[in-house]
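Welcome to this short tour of a protein chain. Take a moment to turn the model around on your screen, and then read on.

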Amino acid sequence: MPRKIMVAGNWKMRNTVEESVALASQIAQGLTRRDLEVLLCPGFLALEPVALSLSNGPVLVGGQNLYWQDQGAYTGEVSGPQLKAAGASHVLVAHSERRQHFGESEKTAALRVQAALRAGLRPLLCVGETQAERQADQTQGVLESQLSGALAGLAASACDRLILAYEPVWAIGTGLTATDQQANDAHAFIRAWLAGRFDKAVANSVRILYGGSVKPANAAGILNQPEVDGVLVGGASLSAQSFLAIIQAA
Ligand code: PEP
């Protein structure tokens, strides 16, 4: 079965609740494609209002992070069951900004992936190398260690809920984009890794999105790559016009 393209927007720590609901509604109203999945990841406060405003429609809502305990005395954290109850179907895990600014590791990524699955959410696990790692020819080694750490202990049967995002750190929010070929090569490496760690069926079915300064102007080239199953968009998802143009490019 062909892998369904996903276009996901990560709004990061941007937009008030009111602005988020307005943006979500502009995107939903402008959406004409039904052959792909569209996911919006607003800030936590806006998640439930956005989900309620989109209910009955095709646009999906996801969290940007989750804590790995389901409930308890963990001040300031948000759990998988809380996200699910608020209307989320997906959740980003180990985005590079979480790794960079909040010290998240492969170990905590694995705990978050398991927590997301336990809550009935689809984890969208982010992996990717820094510029220094790419220059030192360490891209594959970094991807391998991030994947094996974050997916430690995961059964092949759980992979039907898993989505991966290859997000080279040097391309996130910088205006630099991996070339279409660099993206496809990294995705092919990840898919081969999945085949070795799990099996061919898992490798063929898990979607791998690309993220890193995707804009309307470069979206078609990236989305046309055979190993690219969608895009995770930061900056350009904050305008309905540019996000819808990216969707149209798919
Ligand atoms: C992201 O936040 O995951 C991202 C890829 O951001 P940007 O599109 O702004 O580079």
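## Some words to start with

Helices (H or I, at least four residues) and strands (E, at least two) are DSSP runs, and they are numbered from the N terminus. Two strands pair if DSSP finds at least two bridges between them.

What you see is a predicted model, in which local features need pLDDT of at least 70 and side-chain atom pairs count only at pLDDT 80 or more, while totals for chains, interfaces and linings use all residues. Residues are numbered from 1 along each chain as its sequence is written, and side-chain values use heavy atoms, with hydrogens and water left out.

## The chain as a whole

How many helices and strands are there in the chain? The chain has eleven helices and eight strands. Its radius of gyration is 17 Å, close to the 18 Å that the globule rule gives for 250 residues, so the chain is as compact as a globular protein of that length. Here the radius is taken over C-alpha atoms, and the globule rule is 2.2 Å times the number of residues to the power 0.38. Along the principal axes, the C-alpha atoms fill a box of roughly 45 × 45 × 35 Å.

Of the 250 residues, 51% count as buried. Buried means under 20% relative accessible area, exposed means over 50%, and partly exposed lies in between (1.4 Å probe, protein chains only). The chain exposes about 11000 Å², and carbon and sulfur atoms supply 52% of that area. Such areas come from the Shrake-Rupley method with a 1.4 Å probe; for residues, only the protein chains shown count as cover.

Next come contacts, meaning heavy atoms within 4.5 Å. Among contacts between residues at least 6 apart in sequence, 72% join residues at least 24 apart.

Strand 7 covers residues 207-211, and five of its five residues are buried. Which residues lie on each side of strand 7? Arg207, Leu209 and Gly211 are on one side, Ile208 and Tyr210 are on the other, and all of them are buried.

Strand 7 has a parallel partner in strand 6 (residues 163-166), with four bridges between them. Within this pairing, Ala165 has Leu209 of strand 7 as its bridge partner. Strand 7 also runs parallel to strand 8, joined to it by two bridges. Look for Gly211, which stands opposite Leu232 in strand 8.

## Gly230 in strand 8

Gly230 belongs to strand 8 (residues 230-233). Is Gly230 buried or exposed? Gly230 has a relative accessible area of 0%, so it is buried. Beyond its neighbours within four places in sequence, Gly230 is in contact with Ile5, Met6, Ile208, Leu209, Tyr210 and Leu223. One of these, Ile208, is 22 residues away along the chain, with a C-alpha separation of 7.0 Å from Gly230.

Now find Ile27 in helix 1. Ile27 is buried, because its relative accessible area is 0%. Leaving aside neighbours within four places in sequence, Ile27 is in contact with Trp11, Leu40, Ser237, Ala240, Phe243 and Leu244. Ile27 and Gln241 are 214 residues apart in sequence, yet their C-alpha atoms are 8.0 Å apart in space.

Helix 11 (residues 240-249) has Ala240, Ser242, Phe243, Leu244, Ile246 and Ile247 as its buried residues. What do these residues pack against? Their partners are strand 1 (6-10), helix 1 (17-30), strand 2 (37-41), helix 10 (216-223) and strand 8.

## Two loop residues and one in a helix

Lys12 sits in the loop between strand 1 and helix 1. Lys12 is not a glycine, yet it has a positive phi of about 50 degrees. With a relative accessible area of 16%, Lys12 is buried. Ser213 lies in the loop between strand 7 and helix 10, and its phi is also positive, near 55 degrees. At 10% relative accessibility, Ser213 counts as buried.

Finally, visit Asn184 in helix 8 (residues 180-197). Asn184 counts as buried at 11% relative accessibility. Not counting residues up to four places away in sequence, Asn184 touches Gln225, Pro226, Glu227 and Val228.
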